Amino acid sequence: MKAIYGLYPDPESAQRALNVLERAGSDLGFKDRDIAVLSAEPYEEYGFGQLDHKTRMPWLAALGGVVGGLSGWWFVSFAQKSYPMISGGMRLVTKWPDGIITYELTMLGAILTTLITLLITSRIPDWRGRKLYDPAISNGKILIGVTNPPEKARDELEKRLRAAGAETVKEFAR
Amino acid sequence: MDRRNFLKISAVGSATVALDACGKPEHQLIHFIPEEELIPGVAEWKPGVCTQCPAGCGLQVRVMEGEAEVTRHGQLGLLSMGLAKKLEGNPEHPVNQGRLCAWGQAGLQVTYNPDRIRFPLKRSGPRGSGEYQEITWEEAVKELVAHLSSLKSAGKSLPLAFLTEPLHDHRSVLIEHFLEALGAPPAVRFEFFEHTVLRRANELSFGHHQLPTFDLANANYVISFGADFLGTWNSPVAQNLGYGTMRQGRPGQRGKFVQVEARMSQTGANADEWVYAKPGTEGLLALGLAHVIMSEKLRPAEAASQAGSRIDGWSKGLPDHTPEAVAKMTGVEADRIQRLAREMAVHTPAVAIIGGAPLAQTNGLASALAANALNGLLGSVEKPGGLFFTPQPPMPDLAVPKKGLSVRALSEGIRSGSAPVEALLIYNANPVFASPVEWRVKESLEKVSFIASFGSFVDETSILSDLILPDHSYLESWVDNIPQSGTTEAVASLAPPAMSPLHHTRSTPDVLLDVAQQLGGSVGKALPWKTYQDMLQAAFDSLRSHPGSVSAKAAADFWSEVQEKGGWWSAEITKSPASQGTKSSGAPAKVTEPQFDGSPQEYPFNFLPYASLQFGDGRHANLPWMQEMPDTISTAMWSVWLEINPQTADRLGIKQGDLLEVASQHGKLQAPALIAPGIAPDVVAMPVGQGHESYGRYASQRGANPIKILAAQTEPETGALAWAATRVKITRVGKKGKLILFAGGLREWPREFRHR
Amino acid sequence: MEHRWGMVIDEDRCTGCEACVAACHAENNIATVGDDQAARGRAMHWIRVERYYEGNFPDVKVKFRPVPCQECSDAPCEPVCPTYASYHNPEGLNAQIYNRCIGTRYCGNACPYLVRFFNFLNPVWDKPLNLQFNPDVSVRSVGIMEKCTFCIQRIKTAEIKAQAEKRPLKEGEFNPACVQSCPTEAMVFGDLNDPKSKVSRLSRSDRSTTLLPELGTHPKVTYLKRDTWDNGKNA
Amino acid sequence: MEKTPEQINQDLLRPLYHASWRFYLTLVILGSLVAAAFFAWGYQIYNGIGVSGLDRPVFWAFYITDFVFWIGISHAGTLISAILRVSNATWRRPVTRCAEAITVFALSIGAMFPLVHLGRPWLFFWLIPYPSERGIWPQFRSPLLWDFFAINTYLIGSVTFLLLPSFPDFALIRDRASGWRKKVYGIASLGWRGTPKQWHRLEMAMRIMAVAIIPVAVSVHTIVSWDFAMAPVPGWHSTIFGPYFVAGAIFSGIAALIIAMALLRKLLHLEEYLQPIHFENLGKLLLVMSLLWFYFVFAERLTTWYGNFPSEMAVFWVTQSGRFSKLFWTMVFCNFIIPAPILAIKNLRAKIGWTVVASIPIVVGMWLERFLIIVPALSHKYLPYTYGTYKPTWVEITITVGTFAGMGLLFLLFSRVFPIISIWELKLGGQKKPEAAPALASQEVAAEQP
């Protein structure tokens, strides 16, 4: 993939660049979803930090918990019933102690679901490194750019990114 | 013990045999052809006779197939043989009626004891070094015969001494014949807790030189003067049986048990009323009770008249034994004496028992006579709930054996030369361990040129011997026994070997018979039997004509049935009734104040050794089960201790487990303190049995031996050792001793913890 | 008929002779741990005779109380065992399955009577003491909890014998080693489900009680309290 | 003065690149102590648990004490950092990673002890519920099994909790490093790029985790307390144990955290990042817990004393005035009498040195507390005849010491591969806000002040 992007020293300039690009999309011929933002820290107070639709992660976690709990309860009672121990009349399945195990597995379910949801929805792990990236962001720079920009718009984009206050504008190709 | 051995052991019992893989020596051992037909896993019950103590209980031996490591013709290998696995009481035996005490249970570890002598030994090192070399039985017997035949009669009798434990069976008869034929003096019988005094007293009071038998099951009131009859004294199992019935065996009727002593024994711990009397004054208390009964005419006159003709002042109603006077001497309050006297006079049948420490005083015989007199007064002689004398089965040569020298006399005789001994034969007696230093037994025995021992273990005495001809264990040999007490029936117990011998041992009576044959001449004639078995068969056959437990008429049937039953007994056989002092010879006895060795100022404590529930007189100290079985009162294991009163301990700043030095005029020893609420403030007590120098890995070098500091006080008339008549002083050594207790708390309510 | 094995121990008969202790060792292959281990509190006695003093000299009293496993009907030792090594067998005994035990020693903590004993080290028997082993009882190894079983090997043997002879078990046909040896007949063993058996009759005695009843373990061992002489019987 | 992202990176990544000879020396010392502990354990497995001082009736002692102690310490991290996250206390930022690391390590150490104390450790897997050829499932009634589930859940949870916020930092290292580090951290960072979406999801996940981990942490120590409370042992069978243990756990946890942070601050020269304010805030928490602890102890003791149940009183007196009294009063001193005043006085609390002085005795005292819960009770159960005592041997002592060394060792190594402070979160604290959204400014200021 190819991309053109600018590195911005501070969130304000980055925000400006983003606004520029959002306006420029229509006439330069790229879509909003081609706009890429990368930063070494979340900037939740800025517009560019919030380019994400709402996630259902909490609900998934809750669901995972329920599943975990049910399977826990099933596991315990199934185990005891299908391998009945000789216990001289002592009950095999007992609610209170099994409740504890059910509880622990509920929490485990929630935790694992959260982890898995995170990994899947944020597309990690991804070790191929084909996606747009620049190590410079690690030093606090904020990357604002466009992936797969139309050839003719390339120079214009570079101009506007600079205008927004980019320290450098680079191209990315892999 | 490495894990390899462990694995092998676990293979014996557990299902993990497979784990115990090859490559271990015992798997390269050859397997001998079994000598007997055995079905693995099937238990066979064979009769037996217990010889762990003189009581002579009947046994049932559980025999099962097992693989033993044995040597045959010098080759080590595995032999599948019948092994004794468990001992139980013989339910039909009149003495123990299917019950068995701890010693009896532990009998198995005598047979399987790792320290048993496994083959004949000849001394290779200096005497007492314990260095021996293995020899064959032929050599051993030949050497013994050679020594005996070389003996020259010095004057009246052969310079030969036979030292044995008191036996009540045909081994004793055999030994007597043997010595008689050789022209040697009668056997010297020795055990530490002997009953000479009581036997003599019973002879004087009742005409029976014998231990009494108590019908506790029917008694309503039992007063015991120092007798540990529920633990170690006389015939414990039989007495426990009766006691249990006396307590709870008769609906709506529960007897009372009063114990009089200075240190609460295990027996005393069970008493409904425990009475402290100053050591040695028990006899006086008995007379005090008699005085009350007579003065208050609580018993018919004729009972009073005859009962105590042996007691000085009895006919006059014991004027100088008024409760007040006795209270002064004994320390028991007068009104208590009166109450006890009334109780026992009313709640008949009542019986008085005396034994143990009271008889081991300088006034022991008189005390015993006093107690006997009290029994007469209570009308409990040969009456239900009273005391009896066990009749002896009608067998030839079972009369009271000829009286031999005492060990003390022997020892002095050897040293002084008045009783020259050139050859000494020792059989299961251990006087070197169990006699006061003053007797100088070890020193004397070392003077004897030739000593042979028949015992199964190298103990303090047999380690002096030049030749050891190890005996079978009693599970491996023909055993018989004639109980002297514990039943009102005439009993002759008998058992064939329950298992074949584990080691290269030989039954001692057989060895003696063999020796006799080889000596030949008069000796050979006197002992015509090939084996001890033949001798027993002949002896028991004489019972066939009498009514008894075995009804078979034909000799063979009778013999086999006796073996199956484990003996012969009969209630038909009666004994000449007790002559209550009618043949009163000699001056009437006077119960004097006891004499103690050591001045009260310098030696403030009465020193009271007592028979240990674990070890008796020390003979069981080599059994791991007994070492680890907690003594009931102290809960101690693998230990020796000195019992001391809590107040006394506080006064002297002694804490539980502090190592103390106990010193008498004749020696000192060290033992840890045991705070015991049940002992008088001026008495300290110590169990006999530990402190062995040589008695196998479990007993040797463990604890101290109280006998070694005893004074050689004697009861004047019988010459018996007064082992309770020594005074001692105690001092703190300043470090902790090795006191291993099983119990934590002393009392059931942990409030005491506040004050710890 | 389902058996419920129980025991009655009469404190008024018991004289503390310890025959039961020795008998138990002989029957159940219980290891002797030796003086050093015993000193560290590791001696194993499946049955013990507890001794309690009351009062001070000269008015001292002593109470003996033999304590085997109480074979609780509601045993605290059972639910705490994670591997079912300590379990309740159909005849109501608290059995210990040695092969399942992994040595958490939790049962030992839970048992209020402390009748469970742990093999801290590999047990040792100097040859030929091992020849005495009872082949009907497995020998325990290191890291395993062991306890009184009411001599279950004797129970099973008797039951199998009775089955083979197609007859019900007779009362007193067999006894645990301790009961059989007891010289004062202080211990009685039998089937509590049989109302006529001696053990159930005695367990209904006016002297009967159990050990630590307040814990609600419902032991199958009943104790008959020490009786007194002048309790009206001798009036 | 404000540090640039670049400076922050350099400061916080230094430990990963440079290590002094002191570091290696400590490494060797701690390493050998740990080795000694493992030798002791091997010795015990070979010869049997009998080489320890355990006996009858004291079937549990040092090992279970260590178990409870370390599980307790583990509450330092996850619980604290989770609570702080949920309550959005921004001063937490430099603290969290350190805390979460403590959790993971303490938990792994604590989880070893159930194995160490087994009579037949080679069969430990029989605790695990799986369909075995033996046809036996574990007894789900047994608290030990609850432990198994609880501890595993907690371990998984807290490892996740530690790793999630680390990905961005790994990415950071990846970008700056070269050679093997680039590879390793590249993989560890899971290819983290830092898109708004990733950031957003990460924060969301952390919030959920924070909420989820708190009840788990509570349940873990409650269940640990039930190992005791479920057994009818005088002094154990009590409903107070659950909260009592949880409070104690957090208590010891915070103390451990303070000590660890102080050490790191010195060793890794993080003075600018771990500031007195952090210690003071933790100190406040510690003070609360100390008071809470005292309240629990008093409540427990008073009810026992008032109830006056004989067997419980035996245990009571043996700790108050009996054999264990010295230890008991030492514990009270360590957990309350020493720390409470120090932490109550602002001038002292504000000084890092003093908070450490208050924390060290607490760690000791809390170990003692667990010991005093276990041993006196076991040695004085219902029947006085069975009273016993306990004396540890070199084996237990070595293993116990070894675990402390192990904790240090793990932490040392951790500080060599992880940025001990969550770099991106720290930077977050330093962000200057657009006038548009002064929203969270207030807390930020709080964090700012020196």
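How many residues of chain C are in contact with chain B, and how many of chain B with chain C? The views below start there; keep in mind that this is a predicted model.

**View 1. Where chain C meets chain B.** Here 60 residues from chain C are in contact with 71 from chain B. Sort the chain C side by class and you get 30 nonpolar, 16 polar and 14 charged residues.

**View 2. Inside the largest nonpolar core.** This core runs to 504 residues, and the ones with the most contacts inside it are A:Ile144, D:Ile102, D:Ile254 and D:Leu257. The top contributor is helix 9 of chain D (residues 196–229), which puts in 18 residues.

**View 3. Zooming in on D:Ile102.** Skip the neighbours within four places in sequence, and D:Ile102 is in contact with D:Ile73, D:Ala76, D:Gly77, D:Ala256, D:Leu257 and D:Ala260. One of these partners, D:Leu257, is also on the list of residues with the most contacts inside the core.

**View 4. Confidence along chain A.** The average pLDDT for chain A is 88, and 100% of its residues score at least 70. Within the chain, helix 3 (residues 95–121) has the highest confidence, at a mean of 94, while helix 1 (residues 11–28) has the lowest, at 86.

Technical notes: Residues numbered from 1 in each chain as written. Chains lettered and ligands numbered in written order. Predicted model: local features only at pLDDT ≥ 70, side-chain atom pairs only at ≥ 80, totals over all residues. Core = buried A, V, L, I, M, F, W, Y, C linked by C-beta atoms within 7 Å. Buried ≥ 20, exposed ≤ 12 C-beta atoms within 10 Å, placed from the backbone. Helix = DSSP H or I, 4+ residues; strand = E, 2+ residues; numbered from the N terminus. Contact = placed C-beta atoms within 7 Å. Nonpolar A, V, L, I, M, F, W, Y, C, P; charged D, E, K, R; others polar. pLDDT = per-residue confidence, 0-100.
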